Amino acid sequence: MKRIKHGLHWFFVPGRGAPKWRWLLLFGTLAIAVVVLFSGGSQVWEYTNSPQFCGTTCHTMPPEYTAYLTSPHARILCVECHIGRDFMGGGFVLRKAGDLKHVLATITQSYQFPMRANDMRPARETCERCHSPDKFSDDKLIEIKRFGTDPDNTLTSIFLTMKTGGGNARQGLGRGIHWHVQNTLYYLPTDSAEQNIPLVRVVENDGSLTDYVDIESNVDLSKVDPGQFKKMDCMTCHNRITHLVMPPPDRIDQMMARNLIDPAIPEIRLRGTEVLSATYATIPAALTGIAALKDFYQTKYPDFYAANSAKVDAAITALQGAYQDSTFPEQKSDWTTHPNNVGHRYTPGCFRCHDGKHLNAKQESIPLECNLCHSVPVVVGPDKFVADIEISRGPEPESHLNSNWLGLHRNAFDETCAACHTTGNAGGTDNSSFCSNSACHGSDWKYAGLDAPALGSVLQKQLPPTPTPAPTQEPSPTPQPSPTPQLAEGTTPAATAGATAAATAAPAAGGALTYAGTISAIFTNRCSKCHGSAALAGLNLTTYATALKGGKDGPVIVPGDPVNSLLIKKQSVPHFGQLTSSELQLVTDWIKAGAPEK
């Protein structure tokens, strides 16, 4: 021991009279040690920040790491989201040191499966380093391919226009899905997975607060602790963007659409979903269960299998791979483990708030609308080569502006709907009209709240008045307009506006400027769908007496005074049933002349 101490003293303390080579040896050795330590330390630091370290060093991470490798964030370091991007000498080191608790939990095996991430950094410190909420994203058309469970695996396409939006109100933007992160919203979750949200608080532009309470909850606003609120950010919805495990039906649809599984294999959509959704004790048991599909095809479709055994084998291999990268029995992880908050099909997702039963003090709901975040789905089967995609624009009927309209529309359906929509087999699922949409009516949407008992009485009070028949009009000797032409399948009266305009212009040119001679034909062709026997807003324009009487807002025609006539005011701006400029001029001149009947 004395020799060692003496040697160290001789090396590190050469003394004043020591030769120069001893000093060079000392500083040279120290320099090399510093370089090695710095270089090696940097390598260790980089490795412990790498996805490989996070995903492969610990046996608890295979489910997360497998999903990460095929995610949109596959080139983003795990630490950038879970710890945050920061200067090494700043809070990053302290936060990384704080994660030593995970190392301790691994050593002591004090963790629980399935693994769940807690204490995530706020989205403004992670997501928004790359994704700016001030950026506006244009609408995007997407096609979702679904294969049927029939023997032919019939392909159906669902077309949606996604209204991503974003931007801010100063630029005339701030709408669409990303409206949620451009405005200040708070929500009150009652469970760790945030699947139950009975209260949403919106900070309005003037700073006032609007609370939306689930009508079926027992939340008492006076007893809510503001500290329990969470501020909505990107991860409120995009909680599984990097670790998404697709449900078996969607995964098989995706593989069939990409021809990883040949759609020509009979019943493969149905049988593949069954084996991929089944519960197995171990991975080997799952692989064996999926491989049993070969016996099924050999027995039920012997001729097909004999000619296409390679396709069946390829499908089995693809299904086995899909199971292995989505189900981890040891970690108790599969597609049901972590709810995905984007969408509203398999988990509550958007319907955690937009379920139609979160109401404010005015009994207005957080909108539950099919065309709020995306367009109304358009479903196209293999027999239709052209998809007619509707894009809503312009004014809407007053009833549609009610935030509870989706809950009301099934009980408010009447003949006025045909003014814009095809209405055959309304409520059906054969996709023969706008109102028989299988994407809407073909699912029970169990997370929507439209059938909530407590909501029924609220909606009943908001139903539009029931249309009443118009008074009988005595036959007029003056020429009457021709009947509206029969519409071709798939069209609406709006599509025949040009033809209607021509039809009304002709009699107007030679007829007297009276209600019976000219104006009645215009009102009948343009306005009668809503303001005829249905008397929307109490207004019926198809008889002279009811036209002058007006509606629930009073007279709409002031004889001799078109400027103060509500009818002219409404038609001078975009309106649900718009008169042409020449028609509007005729009506204006008629009112100016005293609005004569004959």
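Biologist: How much space lies in the largest cavity?

Modeller: On a 1 Å grid over the protein atoms alone, a cavity is a set of points where a 1.4 Å probe fits but cannot get out. Grid points are joined across faces, edges and corners, and the volume is the space filled by probe spheres set on the points. Here the largest cavity holds about 60 Å³. The model is predicted, so to speak of local features requires pLDDT of at least 70 and side-chain atom pairs count only at pLDDT 80 or more, while totals for chains, interfaces and linings use all residues. Residues are numbered from 1 along each chain as its sequence is written, and side-chain values use heavy atoms, with hydrogens and water left out.

Biologist: Which residues line the largest cavity?

Modeller: Lining residues have an atom within 4 Å of a point. Among those of the largest cavity are Pro63, Glu64, Ala67, Arg240, Ser326 and His338. By class, with Ala, Val, Leu, Ile, Met, Phe, Trp, Tyr, Cys and Pro nonpolar, Asp, Glu, Lys and Arg charged, and the others, Gly among them, polar, this lining has 4 nonpolar, 4 polar and 3 charged residues.

Biologist: What lines the second largest cavity?

Modeller: Its lining includes Met246, Pro247, Arg251, Leu276, Ser326 and Trp335. Helices α10 and α14 (302-324) each give two or more residues to that lining; helices are DSSP runs (H or I, at least four residues), numbered from the N terminus. The second largest cavity holds about 50 Å³, and its lining divides into 7 nonpolar, 2 polar and 1 charged residues.

Biologist: How many residues line the second largest pocket?

Modeller: A pocket is an open set of points with protein on both sides within 12 Å along at least five of seven lines. The second largest pocket is lined by 17 residues, with Ala67, Thr70, Ser71, Leu244 and Met246 nearest its centre. Two or more lining residues come from each of α4 (62-69) and α10 (248-257), and α4 gives the largest share, 3 residues. The volume of this pocket is about 440 Å³.

Biologist: Which residues make the nonpolar surface patch?

Modeller: Such a patch joins nonpolar side chains (Val, Leu, Ile, Met, Phe, Trp, Tyr) within 5 Å, from residues with over 30% relative accessible area and no salt bridge; a salt bridge is a side-chain nitrogen of Lys or Arg within 4 Å of a carboxyl oxygen of Asp or Glu. Areas come from the Shrake-Rupley method with a 1.4 Å probe. Met1, Ile4, Leu8, Phe12, Val13, Trp23, Phe27 and Leu30 make a patch of about 830 Å².

Terms used. Patches are made of residues with over 30% relative accessible area and no salt bridge: like charges are joined within 9 Å, nonpolar side chains (Val, Leu, Ile, Met, Phe, Trp, Tyr) within 5 Å.
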